[in-house]
Amino acid sequence: MNNQDPIADMLTRIRNANRVGRRLVLIQNSKICGGIAQVLKDEGYIEEFDKIDDSKQGTIRVKLKYALDGAKVIHTIDRTSKPGCRVYRGVGELPNVLNGMGIAVVSTSKGVMSDRQARELNVGGELLCTVS
């Protein structure tokens, strides 16, 4: 399968699995998808992820997180910057998702990080997605 936008594919797979209550999601491996998965883990939106090697590119296995009563931790996950319309923000223009209750994932010159980390390091970059 030829996938032109691996980030949108990753977010769609997570969104769909979350809607039906699945625990595991398999995603094509790439540096950017691994970075997004690391940010989601660090911010507490997924339990864990690991990379599975195969003879090709490999896959990332993401274990989704649910509350004790089965409530979903991820309510919305939306792509902001798209291949046809890139969205860049400076450190002062980074969005405050749900007044700090959500996160924005930013690709910076120092790697993929959350908006909170980007503000601490005083860097801006491409606004990949928002999660709440």
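Asparagine 29 lies in the loop between E1 and H2, where helices (H or I, at least four residues) and strands (E, at least two) are DSSP runs numbered from the N terminus. With a relative accessible area of 14%, asparagine 29 is buried; buried means under 20% relative accessible area, exposed over 50% and partly exposed in between, for a 1.4 Å probe and protein chains only.

The model is predicted, so that local features need pLDDT of at least 70 and side-chain atom pairs count only at pLDDT 80 or more, whereas totals for chains, interfaces and linings use all residues. Residues are numbered from 1 along each chain as its sequence is written, and side-chain values use heavy atoms, with hydrogens and water left out.

The largest nonpolar core has 26 residues, of which Ile14, Leu40, Val62, Leu64 and Val131 touch the most other members. A nonpolar core is here a set of buried Ala, Val, Leu, Ile, Met, Phe, Trp, Tyr and Cys residues joined through side-chain atoms within 4.5 Å. At least two residues of this core are supplied by each of helix H1 (6-20), strand E1 (24-28), helix H2 (31-42), strand E2 (46-52), strand E3 (59-64), strand E6 (103-108) and strand E8 (125-131). Apart from this core lies another, of nine residues, including Val87, Val97, Ala104 and Val106. In soluble globular proteins, nonpolar side chains tend to be buried together. When residues up to four places away in sequence are not counted, isoleucine 14 touches Val25, Ile27, Leu40, Leu64, Ile74 and Ile77.

Helices H1 and H2 were examined as a pair. Their axes come within 9 Å and cross at roughly 40°; axes are lines fitted to C-alpha atoms, for helices over the stretch in contact, and angles run from 0 to 180 degrees between N-to-C directions. H1 is therefore oblique to H2, given that angles under 35 degrees count as roughly parallel, over 145 as roughly antiparallel, 65 to 115 as roughly perpendicular and the rest as oblique. The crossing of H1 with H2 is right-handed, the near helix being turned clockwise from the far one by less than a right angle, and anticlockwise in a left-handed crossing. Pro6, Ile7, Met10 and Ile14 of H1 make the contact with Ile32, Cys33, Ile36, Ala37 and Leu40 of H2. By class, this contact has nine nonpolar, no polar and no charged residues, with Ala, Val, Leu, Ile, Met, Phe, Trp, Tyr, Cys and Pro counted as nonpolar, Asp, Glu, Lys and Arg as charged, and the others, Gly among them, as polar.

Arginine 13 is also placed in helix H1 and is partly exposed, at 33% relative accessibility. Arginine 13 and cysteine 33 are 20 residues apart in sequence and 12 Å apart in space, C-alpha to C-alpha.

Aspartate 115, in helix H3, is buried at 2% relative accessibility. Residues up to four places away in sequence aside, aspartate 115 touches Leu94, Pro95, Ile103, Ala104 and Val106.

Positive phi values occur at two asparagines. For asparagine 99, a residue other than glycine, phi is near 55°; asparagine 99 lies in the loop between strand E5 (88-89) and E6 and is exposed, at 73% relative accessibility. For asparagine 122, phi is near 60°; asparagine 122 occupies the loop between helix H3 (115-121) and E8 and is exposed, with a relative accessible area of 56%.

Methods: Contact = heavy atoms within 4.5 Å.
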